[in-house]
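I opened a notebook for this structure. My notes follow in the order in which I looked things up.

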Amino acid sequence: MLITARGRCSSCLRFLESIDHIVSVIKRIRGDFMIQEKSVLFLVATYVVGKERILLEIAQRCKRKVHVDGRKMEVLRVLGHGESGVFTEDENESDVHVVGWNVLGETWPYFRPNFVRMKEIMVERGYSKVVGFVPTGWTYEVKRHKFSVRSKDSCEIHLVPYSEHSNYDELREYVKFLRPKRVIPTVGVDIEKFNSKHTIKIQKHFAGLVDEMANKKEFLMAFHHGSCENDEKAGLEDVVELNERMDPEEDGNLSEVKALEDKDPGVVLNSSSTLQEHGSQNLTILNDDETEKIIRELSDSLPSWVTRDQMLDLIQSSGGNFVDTVSNFYEHETEFHQQIFPCRTSMCSSQTDSLNESESLSNQVSIKNSQETSGTTPLSQNYKSSNLKPSSKSGMTLGKRKRSVGKKAKTNSKLESGGPRQSTITRFFNKLVPDVSQGSEVQFLPGQSMEENSLQNDDTNSYKEEIYQFIQIIGGNESSRGYAAVIMERTKGDINKALDVHYGNEGNFDQSVEKLVASDNLVQPQCNIHECSSAQDKTVSEEGKHMVDLSIQRSLKENVAATYVSLPPEKYNPIQHACWSIGEPAPYIHLAQTFDLVEAEKGKIKATSMLCNMFRSLLALSPEDLLPAVYLCTNKIAADHENIELNIGGGLVTSSLEEACGTNRSKLRDMYNSMGDLGDVAQMCRQKQTLLAPPSHLLIKDVFSVLQKISVQTGTGSTLRKKRLIVNLMRSCREKEMKFIVRTLVRNLRIGAMMRTILPALAQAVAMNSLVNFDEQKAESLKEKLQYLSSAVVEAYNILPDLGLIVPSLISKGIEFSSSTLSMVPGVPIKPMLAKITNGVSQAVKLFQDKAFTCEYKYDGQRAQIHKLPNDTFRVFSRNGDETTSRFPDLINIMKESCKSAAVTFIVDAEVVAIDRKNGCKLMSFQELSSRERGSKDSFITVNNIKVDICVFVFDIMFANGEQLLELPLRQRRKRLKDLFCDERMGYFEYAKEMTVETHDSCLTNDVTMAKINSFLEEAWHSSCEGIMVKSLDVHAEYSPSKRTDTWLKVKRDYVEGLNDSLDLVPIGAWHGNGRKAGWYSPFLMACYNPETEDFQSVCRVMSGFSDVFYTEMKAFFSEDRILLKKPSYYQTSEVPDLWFSPELVWAIRGADLTVSPVHHAAIGLVHPSRGISMRFPRFVRPVSDRNPEECSTAADIAEMFNSQTRKMNVTGTAAK
C-alpha cells in the first residue's frame, strides 16, 4: 500500500505557473515604479525551513539579491546557500525581503490578511508600497483563470499556489509506477475512516492505477485462510471464475496451465506466468556469487518464512532482476504462503456436486502429506491441489453458485461428521477469540465467540447459567467468561466448589486454572495441520506469532489479572496474579485497572485490600516502580512542600485530547455534557478510535517521568511543550489508561482513596510480602502486625511527609519499621497539631480537672511553621505544607535577628499576624494579612514593596539542633524554645501571650481561677484575637502531628448563644442568583468532610456575608472544568443545586446553632441514625486559604459541636454505631 501525506489531490493543483507569476508581478510593478527609489517593497512569506527554491528562482530571474534575517541565513548556510551571494542580511541591498510565515496573514482554515502588520513593515523600512506573496497550496484560489489578490490602500497580497511536494501529475505517475494495492491518505478530514468522503474522494484520483486485481484476490483468499476446514478446491474455483469476469484475457493463461499440468505434474507456474521445470536445472543467467548476493538482499526484503528454494525459483523466473523478483513474489504471496503453511481441507460430496455439477467429483479433496513434510511445495502443485478447472456451468453467477452451495450444505448437514457449522465468509469476519473448552490451555479458534468455544460440548453448554452466576459473584466481566467456563467444567457445574477453586480453598485442586493467566502461553493459535518435521514445526510456530493478535492475548491476561486484585489478600499471589513478569518494568495498566475497581468499591476495607494487592505485585516484580506508583496513587509528583505542580488547566488537556484522539471540541463538549467526567470522555474517545496497531504498553515509570517533565516547563513556548508531552502520553494509552491519565492531569483521580487509605495499604503490602505463609493460626497475630505497621507508617508520614523518604525506608525495614525509624528533617514540614472545639471556659476547665494547663491567645492570623536549616537559611510553610517563604521576606529578617547563635537548626510553630506598628502595634485582621502580595517560587517580594507589616508570635517548638522534641511535655518545650531565642521585640517577634494554671488551682469550684481565665479571654477579644487556646502542660502534653486531641482546646467568642465557633466548610455547589444577584451564584451549598468514608457531606446553604466583588470573583473561579455536570458519588446530600463544583476552596462559616436535618447529611449516623446536621442562619466570615478541602471541618467536629450546645433538640433514636 502507499500512504500519502498529500491531503489535497486535485487536477488543478499542478503549480506550474506559480514562480512565473511571482517573477512577472515583481518585474511589472518594478517597471511601473522604476523612477522612484525605495518605492515598492516585496515580501515573500516562507517557513523557517522550506520554499528556498522559490527564493533562488526569484533572485536568478529578477537579477536581485534576497534579504533574509540572521536566523534564516543560518538555515540557508546549513542548506548550502549561505555563501552563494544570492542572500543578504543588509535590508538596503534588496527590495525583496523574506518574512515569517504568518506575518502576512493566517492561512488556515482560510486566508485572513494582516494589512496592519504589512503597513508597519512598509513604514519601518521606508517604502511607499508593499506587495506580499504567500506561496502555499493551502491558499489555492483561482478567479477567472487568475490567482487571487487581496489589496487595501498601499498593501497588496498575492495568494500564489505553490508547493514543493509532488504535484498532481507526478503523484499519479508515481502511483502508476508502484501499482500499490491501495492508497491511504493521512491528511484531511476524517482520514482515520477508510470509508469517509474525503478518503474516497482522494482514492478516486488513482482509480485504474492501483492493483485492483491483487485486492480482489487478497479479499477472497482471506476467506480461504480464515478456515482450516473449508474446501480449498471450491474456494479457488470461485476465485478463478471471478477472475474470468474481471479480466477475460486470463482465460488463455488458465487453459495453458491446465494443459501443462495434465502433461507434466512437475511444471512450476512462476510469479511472472512463465513456465519452467522446478528444481531441475541450475541458474544459467547468474553465477553463484551473484545469486547468493540477490538471496541475501531478498532475505532483507521478503518475509522470514520464505525458503531458499522459493527464492531461487523467483530469481530464475525474473531473470535475476531484483525488482522483478520482489514484485513477482508479492503478486503471488498468497500462493507462496500456502506452500509453507498448508491447511487440511475437506468437503462433503454434496458440496462438490453443487460446485462442479458432477457426481464424479464427489470425493473429498485434501492436501498431500508429502507436500507438508518436504518443507517447500512447487507453486504448480499448490494450484493443482486447488483444482483450477473452470466450472462447466459458466453461465451461473458466483452469487447463485454460493447460494446453491449454502442450500445443499444445509440439506446434507446431518451427513457430515466433522465439517464446519457456518459459512467461510461468516467465520472469516468473526474475531479471533479464546477457546477455553480444552482445559487450562487457552486457544483461539476463528469464527466462534468466547461463549461458543467455551460451551462446545453438552456438559459445558448446560453450565451456561452457572457460569453467569459465577461471574456475577466474583465481580468479573465478559472477559472473565472463558476463565469461568474452565472452572465450571472442572467442577461439573458446582458453583460452591468453583468458588473454592477461585479463592484457593481447594488446595491444589487445580493449579492449572491459575496458570491459565499466569502462564506466558496464555493464548496459542490453533490450526489443524498434519504432523510436520521439527524444522517445519519451528517455522509454523514462528508464523503463528503473526497469525494471532498479540494485543488480544495480553489484554485477556490483563483483564483476568485485574479481577485477581479484588481477591482477599491471603488468596492473592503477587507474582502469578500479576499481568507482567519478574524483572520487567511495571505497566501502567496495573494501576489503571486497580483504580477502576477501587472507584467502584464503596467500602474502605475492600478498597484498601485492592490497593494492598496492587502494591504487593509491584514489590515482588518491580520494586523500583513502587515509589512512582505511590505518587500516582496519591495524585502527586512530589512532596507538597516542594511546590511542584503541573500547572495545566482543563483547556490544555482538552486540546491535547482533540489532537491525540482525532476529534473536535464540540464532540468532546457533547460527551462531557452527557458523562460529566473528562476521564470518562477520554476513555470513550479512545474506544472509538481506530488504530493501525495497538500502542506499546505504557509503563509506570514513563508516566511519572512525563509528569515531572511537564512540571518543569516554564517560559516562552512552555504551553506548546507541555501539550506535546501530553499528546505523546495520550497516544501511548489504552482505554482505562487514558481515563486515569486524564484524571491525573486535571488533578482529580476520583477513586475515593486518600493518603490515609493508601499508606495503610502500602504498609500491609510490605508486611504480607515479608511473610511466607498466611495460615489461619497466624491470622490474629498477622492482623495485629498489619494494624501496628499501618499506624506506624501514617504516624511517620505526619512527622516526615515526604514519600521519597518514607517508601524506601519502609521497603528496607519491612515489618521492623516504626515511627521512630525516621527523624524530622529541617526543610520538610511536619503536619501541625490540631485543637478540639469547646463550649466555653467551663467545659475546658472541666476537661483539665486536677491537671496543670496553660491558656494562650488565639491570634487571627496565618499559622506558620518556620524552619532553620544547617546552612543558616530559613524556610516558611503554611498549615497544609505549602512553602510560603517568598511571601514573607520580612519574617526571615525578623527570625535572623531574634534567634541566638546557639540555634543551629530548629522547627517552630508560630502565628503570623498583620500589625499596625504606627498605631501602638495594634493587631489587624486576617483580611489585612491576606492583602499582601503572595509571591511565588520563582518570584520573591522585596521588603521595600511590603505595605502590611507583620509580627511573629511563636508558641511551640518541635525540633532543635538535631533533636526531636515531640515527646516532651509542653512545659519543657517552652523552656527549650526560650533558650534558643532572644528577648521579645514588640511588634516584630513575640511569644504567644499566655497564663498558667497549676494543678492545685485546676478545678471548676475555684472562683479565682475561673475569673482569671474569663478575664484573660476578654483581654484576647479586646486585642482583636479570635479567643484563647487551652493546653495541657504536663500530662499527655506531647506534640501530636495531624491529631486533634483533648489536650489542645480552643475557646472562641460566641456568635449567637449556642454555637461557639465557626466551621471551615467547602462549597460543593450553587444555585443561580435571582433579583439583584442575577448573574452570580447564590446561595452556595457548603459541606464538611468525613475522613472515614472520604466523602463531602452537606451542612447548609449560605447566601449572606458576601460582597459584590466576592460574588464576581466566585463566578469567574467556578467555571469550565471546575463545574461538574453531575453529582459525584463522594458528595452526600439530598440538595439538588443548579451546579455542582469540584472541591477547591475552604470558607469559614458561622451560624446561630446546629440542628438535625433530613436534607443535609453532615455527621449522619453520628447523632441521628438517618438524619444529618445542618447550621441555622449561616453567614460567610472569610476564606481560609491555608487549608486544603480535605482539611476542613469534619463530620466528627460537627457532631461534637452539636452535642456541646447548651440548647439542642432532643434526638429520637440512637446513632449508628
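Predicted model: local features only at pLDDT ≥ 70, side-chain atom pairs only at ≥ 80, totals over all residues.

Which domains give residues to the lining of the second largest cavity, and where does it lie? Domain 3 (636-748) and domain 4 (834-1055) both contribute lining residues, so the second largest cavity lies between them.

**Entry 1: cavities**

I looked up the cavity list and found 12 cavities of 30 Å³ or more in the structure. I stayed with the second largest cavity, which holds about 90 Å³ of space. I counted 13 residues in its lining. P801, P829, K831, N880 and G881 are the ones that lie nearest its centre. I then sorted the lining of the second largest cavity by class and got six nonpolar, four polar and three charged residues.

**Entry 2: helix pairs**

I turned to helices next. Two packed helices are described by the angle between their axes and the distance between the axes, so I wrote down both for each pair.

I took α28 (residues 604-621) and α29 (residues 626-633) to begin with; their axes come within 10 Å and cross at roughly 155°. An angle over 145 degrees counts as roughly antiparallel, so α28 is roughly antiparallel to α29. On the α28 side I listed M614, F615, L618 and L619, which meet L626, A629, V630 and C633 of α29. This contact of α28 with α29 has eight nonpolar residues, no polar and no charged.

I went on to α30 (residues 650-661) and α32 (residues 678-688). Their axes come within 10 Å and the crossing angle is roughly 10°. Angles under 35 degrees count as roughly parallel, and α30 and α32 are therefore roughly parallel to each other. In α30 the contact residues are V653, T654, L657, A660 and C661, and they meet L678, A682, C685 and R686 in α32. I sorted the residues of the contact of α30 with α32 into seven nonpolar, one polar and one charged.

My next pair was α36 (residues 755-770) with α38 (residues 803-813), whose axes come within 10 Å and cross at roughly 25°. From α36 I noted M755, L759, L762, A763 and V766, and from α38 I noted L803, V807 and L810 as making the contact. The residues of the contact of α36 with α38 divide into eight nonpolar, no polar and no charged.

**Entry 3: backbone**

I checked the backbone last. Most residues other than glycine have a negative phi, and most peptide bonds are trans.

Is the phi of R179 positive or negative? I read a positive value, near 50°, for R179, a residue other than glycine. R179 is in the loop between α5 (168-178) and β13 (183-185).

Is the peptide bond from S1082 to P1083 cis or trans? I found this bond to be cis, with omega near 0°. I placed P1083 in strand β32 (residues 1081-1090).

Technical notes. Residues numbered from 1 in each chain as written. Heavy atoms only, no water. 1 Å grid on protein atoms, 1.4 Å probe; cavity = no way out; pocket = protein on both sides within 12 Å on 5 of 7 lines; lining within 4 Å. Points joined across faces, edges and corners; volume = space filled by probe spheres on them. Nonpolar A, V, L, I, M, F, W, Y, C, P; charged D, E, K, R; others polar. Domains from an automatic or database assignment. Axes fitted to C-alpha atoms, helices over the stretch in contact; angles between N-to-C directions. Helix = DSSP H or I, 4+ residues; strand = E, 2+ residues; numbered from the N terminus. Contact = heavy atoms within 4.5 Å. Parallel < 35°, antiparallel > 145°, perpendicular 65-115°, else oblique.
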